[in-house]
Amino acid sequence: MTSNRYTPPKLDWGLVLILMLLFLVSAISIYSAQTTGQYTENFLLKQVVWYAVGTGIIAAVITLDSDQLKKISWYVYGLGIVLLGFLIVAPSSIAPVINGAKAWYKVPGMGSLQPAELVKVFIILVLAKTIDEHHQKNVYKTMQTDLWLLIKLVGLTMVPLLLVMQQPDLGTSLVFLAIMLGMIFISGISWKLLAPIFGTGAALAGTILYFVLWHPDILEKYLGVKEYQFARIYSWIDPYNYQSSTGFQLTRSLLAIGSGETSGKGYGTREVYLPESHTDFIFSIVGEEFGFVGASIVVSLFFLLIYHITKIGMETKNNFYTYICVGVISMVTFHVFQNIGMTIGLLPITGIPLPFISYGGSSLMGNMLAMGLIFSIRYHYKKYMFSTND
């Protein structure tokens, strides 16, 4: 028996609070970064505008329920593929090369737009729908059905991934892979199928790293890898030996964070020159000015965000919603882990921004779009009496 009584649509105020705190951290950090004298633009004002745009995106997405999200998933995925594909052939007047990558469109009135940031969310939607529909059609699992699901998930991810690699954009490519792997892990595919595949992949990655470190000449000769392409790995392993070139950014970041010690030097008291500190290396500002205490608070905010989304995904009985939550968690977690990891030397520098804190309109719009999906899940959550369905 199912009752018609249910909880009315509601806003997730817990998530609102977390986003407001992240905005506060972003505003404080960006304002400090732009006062060092190396910039003339008002990045804080632009970030506030992007947050306003992101709020509008959330307001639009929150109105869509699961059926509507499923209906538009293939359309937005297709739109994303077209936008990524057109970047390859678009003239420089429309898609200029910035920092060696052709990844942005010029948009009048808003500067530039990086479509790959939105495509991350589009991939989450289409993979979630694919997994959900696959299990509805294949009630009884076999190795063949699991293999077919794996092929579909990998194929849907590889199309935008290959297009992004043409830009080239290693960081975004890794995010696509992180989203795909996270959703594969919870898709219900048998580990008898996954274990040998991922084991082989791990062994291959280890082999490549071995040749990069000890036999780069073999990779240069047989795979055509250029010498300068090894620089990013070498400068990560031994940044101080490359501090005048490719290791400069990392050594300055390590100096900034380390000099902050426990409680930091104080807001606005920066002594370490660090280029592009308002974008990818904004965590270094937090570490220098607020020390270990401030950095821990920022990490804790992301932990609360991920925990909150995890809780929503576990509470809903709608599998499509659960898959969306896993995709968003995979995306945010990888962003945070990679960004903070590269600023403290644990991971190579890949140009991945810190979600909701680094300056950047495209990145913020993509993250706010993802949060719009989470808000929609909570907003349309219906808890029926004596029912197991949402």
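Predicted model: local features only at pLDDT ≥ 70, side-chain atom pairs only at ≥ 80, totals over all residues.

Biologist: Okay, at what angle do H10 and H11 pack, and how far apart are their axes?

Modeller: Helix H10, which covers residues 248–260, packs against helix H11, residues 282–315, at an angle of about 25 degrees, and their axes are 6 Å apart. Angles under 35 degrees count as roughly parallel, and H10 and H11 are therefore roughly parallel to each other. Their crossing is left-handed.

Biologist: Which residues in H10 and H11 meet?

Modeller: From H10 there are Ser253, Ala256, Ile257, Ser259 and Gly260, and on the H11 side they meet Phe283, Ser284, Gly287, Glu288 and Gly291. By type, the residues of this contact between H10 and H11 divide into three nonpolar, six polar and one charged.

Biologist: And what about H12 and H13, what angle do they pack at?

Modeller: For helix H12 (residues 319–343) and helix H13 (residues 361–379), the packing angle is about 150 degrees, with the axes 10 Å apart. That makes H12 roughly antiparallel to H13, and the crossing of H12 and H13 is left-handed.

Biologist: Which residues of H12 and H13 meet, and how do they divide into nonpolar, polar and charged?

Modeller: On the H12 side, Tyr321, Ile324, Cys325, Val328 and Met331 take part, and they meet Asn367, Ala370, Met371, Leu373, Ile374, Ser376 and Ile377 of H13. The residues of this contact divide into ten nonpolar, two polar and no charged.

Biologist: Changing topic, which residues have the most contacts inside the largest nonpolar core?

Modeller: Those are Leu22, Leu305, Ile324, Phe356 and Met371, in a core of 91 residues.

Biologist: Where does Phe356 lie, and is it buried or exposed?

Modeller: Phe356 lies in the loop between H12 and H13, and because its relative accessibility is 2%, Phe356 counts as buried. Leaving aside neighbours within four places in sequence, its contacts include Leu22, Leu305 and Met371, along with Leu19, Tyr51 and Phe302. Phe356 also has a positive phi of about 70 degrees, although it is not a glycine.

Biologist: What about Glu261, what is its phi and where is it found?

Modeller: Glu261 has a phi near 50 degrees, a positive value in a residue other than glycine, and Glu261 is found in the loop between H10 and H11. With a relative accessible area of 61%, Glu261 is exposed, whereas Phe356 counts as buried.

Biologist: Two serines to finish: where are Ser66 and Ser244?

Modeller: Ser66 has its place in helix H3, residues 66–89, while Ser244 lies in the loop between helix H9 (231–237) and H10.

Biologist: Buried or exposed, for Ser66 and for Ser244?

Modeller: Ser66 counts as buried, at 12% relative accessibility, and Ser244 is exposed, with a relative accessible area of 74%. If neighbours within four places in sequence are left aside, Ser66 is in contact with Asn318, Phe320 and Tyr321. As for Ser244, it and His215 are 29 residues apart in sequence and 25 Å apart in space, taken from C-alpha to C-alpha.

Definitions and conventions: Residues numbered from 1 in each chain as written. Heavy atoms only, no water. Axes fitted to C-alpha atoms, helices over the stretch in contact; angles between N-to-C directions. Helix = DSSP H or I, 4+ residues; strand = E, 2+ residues; numbered from the N terminus. Parallel < 35°, antiparallel > 145°, perpendicular 65-115°, else oblique. Left-handed = near helix turned anticlockwise from the far one by under 90°. Contact = heavy atoms within 4.5 Å. Nonpolar A, V, L, I, M, F, W, Y, C, P; charged D, E, K, R; others polar. Buried < 20%, exposed > 50% of the residue type's maximum accessible area, 1.4 Å probe, protein only. Core = buried A, V, L, I, M, F, W, Y, C linked by side-chain atoms within 4.5 Å.
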